[in-house]
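Here is a short briefing to read alongside the model. Please keep the viewer open as you go through the points.

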Amino acid sequence: DYVDGMAIDQAPRWVRATVIASGTVGIPARALVFLPLGVFFMIAAVGGNPGQADGLDRELTSLSGNVWGDIVLGLCALGLLVFALYSALEARYRELASGK
């Protein structure tokens, strides 16, 4: 549950709805952006050629230059923006435990 550990009971209804929606979209979107990078690292590790493993910027840049790649990059950017919104709301409404 994306609201565990968050004090949103007293928050306005729109905040609760935004937290749930942005968590539902943003967290999987972040995973989908970084998943290809992990796959490329595993391929390089199994193949024994670390030169095959490129960084996230190179992998995402390799998608640009054609129509479908630009669409994928746009969806990645949108998903990361939604995750940024969720992260900002989580930072604002996170429950903090006292040290007592």
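Arg30 sits in helix α1, which covers residues 13-47; helices here are DSSP runs of H or I with at least four residues, strands are runs of E with at least two, and both are numbered from the N terminus. This is a predicted model, where local features need pLDDT of at least 70, side-chain atom pairs count only at pLDDT 80 or more, and totals for chains, interfaces and linings use all residues. Residues are numbered from 1 along each chain as its sequence is written, and side-chain values use heavy atoms, with hydrogens and water left out.

**Arg30**
- Arg30 is partly exposed, because its relative accessible area is 36% (buried means under 20%, exposed over 50%, partly exposed in between, with a 1.4 Å probe and protein chains only).
- Setting aside neighbours within four places in sequence, Arg30 touches Leu80 and Phe83 (a contact means heavy atoms within 4.5 Å).
- Between Arg30 and Leu81 there are 9.5 Å from C-alpha to C-alpha, although they lie 51 residues apart in sequence.

**Ser22**
- Helix α1 also holds Ser22, which counts as buried because its relative accessibility is 2%.
- The Ser22 side chain reaches the backbone oxygen of Thr18 at 2.7 Å.
- Beyond its neighbours within four places in sequence, Ser22 is in contact with Ile27, Val82, Leu85, Tyr86 and Leu89.

**The largest nonpolar core**
- Ten residues make up the largest nonpolar core, namely Val3, Met6, Ile8, Ala11, Val15, Val19, Phe83, Tyr86, Leu89 and Tyr93 (such a core is a set of buried Ala, Val, Leu, Ile, Met, Phe, Trp, Tyr and Cys residues joined through side-chain atoms within 4.5 Å).
- Helices α1 and α3 (67-93) each supply at least two residues of this core, and the largest share, four residues, comes from α3.
- As general background, nonpolar side chains tend to be buried together in soluble globular proteins.
- One of the core residues is Met6; apart from neighbours within four places in sequence, Met6 contacts Val19, Tyr86, Leu89, Glu90, Tyr93, Arg94 and Glu95.

**The whole chain**
- The protein chain has three helices and zero strands, in the order α-α-α from the N terminus on.
- Of its 100 residues, 22% count as buried.
- Among contacts with a separation of 6 or more, 57% join residues 24 or more positions apart.
- The accessible surface comes to about 7000 Å², and 65% of that belongs to carbon and sulfur atoms (Shrake-Rupley method, 1.4 Å probe; for residues, only the protein chains shown count as cover).

Definitions and conventions. A polar contact is a pair of N or O atoms within 3.5 Å; within protein, one must be able to donate a hydrogen and the other to accept it, and residues adjacent in sequence count only if both atoms are side-chain atoms.
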